[in-house]
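Work through the exercises below with the coordinates open. Try each task before reading its solution.

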Protein chains: 2
Amino acid sequence: MSTSLPSSQIESFLHELCKAAAQQTLPRFRQSLDVSNKQASGFDPVTEADRQAEQAIRALIKSRYPDHGIVGEEFGTENPQAEYCWIIDPVDGTRAFISGIPLWGTLIGLYRNGRPFMGVMDQPFTGERFIGTPGTAHLSKAHKTTNLTTSSVTAPSEATVMTTDPNLFKGREERQFQALAQQAQLCRYGTDCYAYCMVAAGQAEWVLESGLSIYDIAALIPIVEGAGGIVTNWSGGDASQGGQVLAAANKTIHAAALEILAQ
Amino acid sequence: MSTSLPSSQIESFLHELCKAAAQQTLPRFRQSLDVSNKQASGFDPVTEADRQAEQAIRALIKSRYPDHGIVGEEFGTENPQAEYCWIIDPVDGTRAFISGIPLWGTLIGLYRNGRPFMGVMDQPFTGERFIGTPGTAHLSKAHKTTNLTTSSVTAPSEATVMTTDPNLFKGREERQFQALAQQAQLCRYGTDCYAYCMVAAGQAEWVLESGLSIYDIAALIPIVEGAGGIVTNWSGGDASQGGQVLAAANKTIHAAALEILAQ
């Protein structure tokens, strides 16, 4: 087992990774894109931004921490049993990206012994970098750092719920989502990874999504939890591998969501 | 009838108005907000940002152009029969605003003899200012100006459609929206006024909304049309007073949308 890495060292490496990724993503945002279909059965665009950013991130990790594991959306898994494992979604929200909407992000999570440890969501167009560390979370923007704290709202009737697309839910999941949305004060769509950062920033109380892969959620768990929130699956269990994900601002509103989802 | 105003003069005044509004909106974005309910029957938040920004805009217009008309979301209508009439939505997308999502905007339109003439959508958090003038449109960001041109996509199967919330449509409108969304390649929600600017920027082909007020659309028509697009109601008629609104990137994709909506 390798020596433990200080979180300050990881954080400065996360900044390096985000800068390298942004050099690949930002110049391609709002340009005409070579969109190819990853799945014959659906619309899942992969852009050059996605591929080039992941390659840039992987190259830096392999150079700096050659014994670490890497899981990436575009280029697969290497050494996943390592103590430290980096989990990358170079462009989360590719649909936002190809529509010109600045709610996509570069997600880089670091798991230690299989558990979420640190993570970053970088939105280079708005200049926002949301960072989660053990016990804290902060936003870095224009050389200014702001601590993130989740909302203290505990009543569903005062809560805002976010999800990317209500049509992604089918059958029982659709009924569960609608039940939550009906209890909430406000429902916002089209939010992708940005939604979790808004929970961390105290702007929303719930995010509900399903069908996530590990790289969709790995980076976001330390951000939400570092700011005081909770991320589980829809039954209150582990969400660190993806699947059904519920992010909540605090224990009380999290419990309220689980109760609504269980009905 | 007053002397005709040169569009360059209006444009520099639009920049002044946007700066004054941003001084009221931006410091209140992502702060705790005093949200009150405008309608007992629904959730329509009015923030101090909204009120203060409209007052700032009105004060400047009255001082510079005392004979012009003003229609504003928050403080009503003055002298609407004037040759030039300013139409203001100080914070379009108040729900985005209170959720921390940077897709809201300050909308300022100028009608001449009752017809859309010029308009601006200002998003001060991202630093984007979309401006429509007779025959052209451009984006001003970080002291850089970029001409805006709509998409040349003509096939619905390659089109992106945007709307704020699919649940805002009921009955026949819901069926019409679903018909359009099913023909499209991609559907994005939660976009508010930002959607029209993405059509102007060539990032999306359609925006479909209904129940709009004049101040929700007045500023956006010159932006979309200046970039080469078309804004009508769902039957191809005038949309400059609000109601059902269809924005489209070009004549062909506009006609295709009207045909789908008519079925």
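Buried area is the accessible area, taken with a 1.4 Å probe, that two parts lose on being put together, summed over both. The model used here is predicted.

**Exercise 1. The interface of chain B and chain A**

Task: Find how much area is buried between chain B and chain A, and which residues of chain B lose the most.

Solution. 
Step 1. Take the total. About 2,700 Å² is buried between the two chains, and carbon and sulfur atoms give 57% of this area.
Step 2. Count contacts. The contact involves 33 residues of chain B and 33 residues of chain A.
Step 3. Count polar pairs. There are 14 residue pairs in polar contact between the chains, with both residues at pLDDT 80 or more.
Step 4. Assign the contacting side of chain B to elements. Those giving two or more residues are α3 (94-98), β8 (128-133), β9 (136-141), β11 (160-163), β12 (186-189) and α5 (194-200) of chain B. The largest share, four residues, comes from α3(B).

**Exercise 2. Salt bridges between the chains**

Task: How many salt bridges cross the interface of chain B and chain A? Locate the partners of the one between B:Glu128 and A:Arg30.

Solution. 
Step 1. Apply the cut-off: a side-chain nitrogen of Lys or Arg within 4 Å of a carboxyl oxygen of Asp or Glu. The rule finds four salt bridges across the interface.
Step 2. Take the named pair. The side chains of B:Glu128 and A:Arg30 meet at 2.7 Å, N to O.
Step 3. B:Glu128 lies in strand β8 of chain B and A:Arg30 in the loop between α1 and β1 (36-37) of chain A, so the pair joins two chains.
Step 4. Look at B:Arg30 and A:Glu128. Their side chains also form a salt bridge, at 2.7 Å, N to O.

**Exercise 3. Salt bridges within a chain**

Task: Which parts of chain A does the pair A:Arg64 and A:Glu16 tie together?

Solution. 
Step 1. Start with the total: the structure holds 18 salt bridges over all chains.
Step 2. Take A:Arg64 and A:Glu16, whose side chains meet at 2.9 Å, N to O. A:Arg64 is in helix α2 (residues 48-64) and A:Glu16 in helix α1 (residues 7-25), so the pair ties together parts 48 residues apart in sequence.
Step 3. Classify both. A:Arg64 is partly exposed at 40% relative accessibility. A:Glu16 is partly exposed at 32%.
Step 4. Turn to chain B. The closest N and O atoms of B:Arg58 and B:Glu78 are 2.5 Å apart.
Step 5. B:Arg58 is buried, at 5%, whereas B:Glu78 is partly exposed, at 31%.
Step 6. Look for shared partners. In chain A, salt bridges join A:Glu54, A:Arg58, A:Lys62 and A:Glu78 into one network.

**Exercise 4. The faces of helix α8(A)**

Task: Which residues of α8(A) are buried, and what do they pack against?

Solution. 
Step 1. Get the span. Helix α8 of chain A, residues 251-262, has twelve residues and reaches 16 Å between its first and last C-alpha, close to the 16 Å expected.
Step 2. List the buried residues: A:Ile253, A:His254, A:Ala256, A:Ala257, A:Ile260 and A:Leu261. They cover an arc of only 160° around the axis, so they sit on the same side of α8(A).
Step 3. Find their neighbours. They pack against α4 (171-183), β13 (206-212), β14 (230-232) and β15 (243-248) of chain A.
Step 4. Turn to the opposite face. A:Lys251, A:Glu259 and A:Ala262 are the exposed residues there.
Step 5. Check the start of the helix. A side-chain oxygen of A:Asn250 comes within 3.2 Å of the backbone nitrogen of A:Thr252.

Definitions and conventions: Residues are numbered from 1 along each chain as its sequence is written. Chains are lettered from A and ligands numbered from 1 in the order in which they are written. This is a predicted model: local features need pLDDT of at least 70, side-chain atom pairs count only at pLDDT 80 or more; totals for chains, interfaces and linings use all residues. Side-chain values use heavy atoms; hydrogens and water are left out. The expected span of a helix is 1.5 Å times one less than its number of residues. Buried means under 20% relative accessible area, exposed over 50%, partly exposed in between (1.4 Å probe, protein chains only). The arc is that of the directions from the helix axis to the C-beta atoms. Contact means heavy atoms within 4.5 Å. A polar contact is a pair of N or O atoms within 3.5 Å; within protein, one must be able to donate a hydrogen and the other to accept it, and residues adjacent in sequence count only if both atoms are side-chain atoms.
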